[in-house]
Amino acid sequence: MNIFVILATMGVVSQQLPNYKASILPIGPVITQARVVQPFEFQVTGILQLVFSYGGAMIFTEFMAEMRKPMDFWKGMACAQVLITLVYMVFGVVVYSYQGQFVVNPANQGISGYAWQTATNVISLTAGLVAAALYGNIGVKVIYETILMPFLHFPPLHTPRGRTAWTVCTLVYWALAFVIGTSIPQFSNISSLVSAVCIFQFTYSFPPLLALGYQVQADAARGDRPWDPRQETPFAHRVDSWRDWSRWQRGLWPMFWLKVWYAVMCLASLATAGLGAYSAVTAIIAGFKTGSHASSFGCKSPLDVS
């Protein structure tokens, strides 16, 4: 469905004028540039759109757990990434070449003809609902099994009380999503905020942090005695603890520069995510002040002048 919307959008924008009302720019000739100079926060917002489109997620392991043949996951993921990259890159270049500064996000909103715009909106909405149901189901499951069950002692999912709790959690999950989406009715800005707060962390911040922690613990464990399951305590095989500098030395010294690189990548990612969140919030505030976006919890479009 998404690929159909992409193909339809490219075909229609090549035959119709841009949607000037949606772009909120004065009518004029289409201008395209290889490099567009914009304020810093707008550039960061653009970067976050890339992260939103191409960012991975550590939740992929949960998808693998649901598969009958988990080892087939990486093949499908590689093919999907190649397809997505090729399609999106061609799509962006074609639409920008025809609409230039009048391009809007999502791009099918730049279609000026009502019929094609409505058709692509319906198909995009349906595809979004399918993706939201898939991600929502996995997301609620991860939250339930990793947070609610161990920390709040919720019942297991296979019990009647667990299924009841699962239903309530699902309703709360979607209610929160609705509140967030309707309180910030700004597509690019809300996607930038979600990208900075969530997707950026699970794509760039957490992976090097987890790799660093694992590598330090694995190297530190090389100096311990062999583990014996008959021991009374699980750490009886250790020759020292993390309170001793000797364990930190064994954990940090092997491949020291690789671990420094992990730490730098994590800190740089956190800094970029912070800048992204600041830029998204700034853009949201500006959108409400200028009236260029719909109001929170309202149904009236800012383009509706009737």
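Domain bounds, as used here, come from an automatic or database domain assignment.

**Figure 1. Domain layout of the predicted model.** The structure shown is a predicted model. The domain assignment of the protein divides the chain into domain 1 (1–112), domain 2 (113–177) and domain 3 (184–223 + 239–291). Between the C-alpha centres of domain 2 and domain 3 the distance is 26 Å.

**Figure 2. Packing of helix 6 against helix 7.** Two packed helices are described by the angle between their axes and the distance between the axes. For helix 6 (residues 114–152) and helix 7 (residues 160–183), the angle is about 125° and the axes lie 10 Å apart. Helix 6 and helix 7 are therefore oblique to each other, and helix 6 passes helix 7 in a right-handed crossing. On the side of helix 6, the contact is formed by A132, A133, Y135, G136, N137, V140, K141, I143, Y144 and L148. These residues meet G162, A165, W166, C169, T170, Y173 and W174 of helix 7. Sorted by class, the contact of helix 6 with helix 7 holds twelve nonpolar, four polar and one charged residues.

**Figure 3. Packing of helix 1 against helix 6.** The axes of helix 1 (residues 2–13) and helix 6 cross at roughly 160° and come within 9 Å of each other. Because angles over 145 degrees count as roughly antiparallel, helix 1 is roughly antiparallel to helix 6. The crossing of helix 1 and helix 6 is left-handed. In helix 1, the residues in contact are N2, F4, V5, A8 and V12, and their partners in helix 6 are W116, T120, I123, S124 and A127. By class, the contact of helix 1 with helix 6 comprises seven nonpolar, three polar and no charged residues.

Figure 4. S23 belongs to helix 2 (residues 20–23). The relative accessible area of S23 is 13%, and S23 is classed as buried because this value is under 20%. When neighbours within four places in sequence are left aside, S23 is in contact with F102 and V104.

Figure 5. Most residues other than glycine have a negative phi, and most peptide bonds are trans. The peptide bond from N105 to P106 is cis, with omega near 0°. P106 is located in the loop between helix 5 (73–99) and helix 6.

Figure 6. H153 is a residue other than glycine with a positive phi, near 60°. The loop between helix 6 and helix 7 contains H153, which counts as exposed at 65% relative accessibility. M255, likewise not a glycine, has a positive phi of about 55°. The position of M255 is in the loop between helix 9 and helix 10 (256–290). With a relative accessibility of 44%, M255 counts as partly exposed.

**Figure 7. P226 in the loop between helix 8 and helix 9.** P226 is placed in the loop between helix 8 (187–221) and helix 9 (245–252). The relative accessible area of P226 is 73%, and P226 is exposed. P226 and A236 are ten residues apart in sequence, and their C-alpha atoms are 9.8 Å apart in space.

Definitions and conventions
Residues are numbered from 1 along each chain as its sequence is written. This is a predicted model: local features need pLDDT of at least 70, side-chain atom pairs count only at pLDDT 80 or more; totals for chains, interfaces and linings use all residues. Side-chain values use heavy atoms; hydrogens and water are left out. Helices (H or I, at least four residues) and strands (E, at least two) are DSSP runs, numbered from the N terminus. Buried means under 20% relative accessible area, exposed over 50%, partly exposed in between (1.4 Å probe, protein chains only). Axes are lines fitted to C-alpha atoms, for helices over the stretch in contact, and angles run from 0 to 180 degrees between N-to-C directions. Angles under 35 degrees count as roughly parallel, over 145 as roughly antiparallel, 65 to 115 as roughly perpendicular and the rest as oblique. A crossing is left-handed if the near helix is turned anticlockwise from the far one by less than a right angle, and right-handed if clockwise. Contact means heavy atoms within 4.5 Å. Ala, Val, Leu, Ile, Met, Phe, Trp, Tyr, Cys and Pro count as nonpolar, Asp, Glu, Lys and Arg as charged, and the others, Gly among them, as polar.
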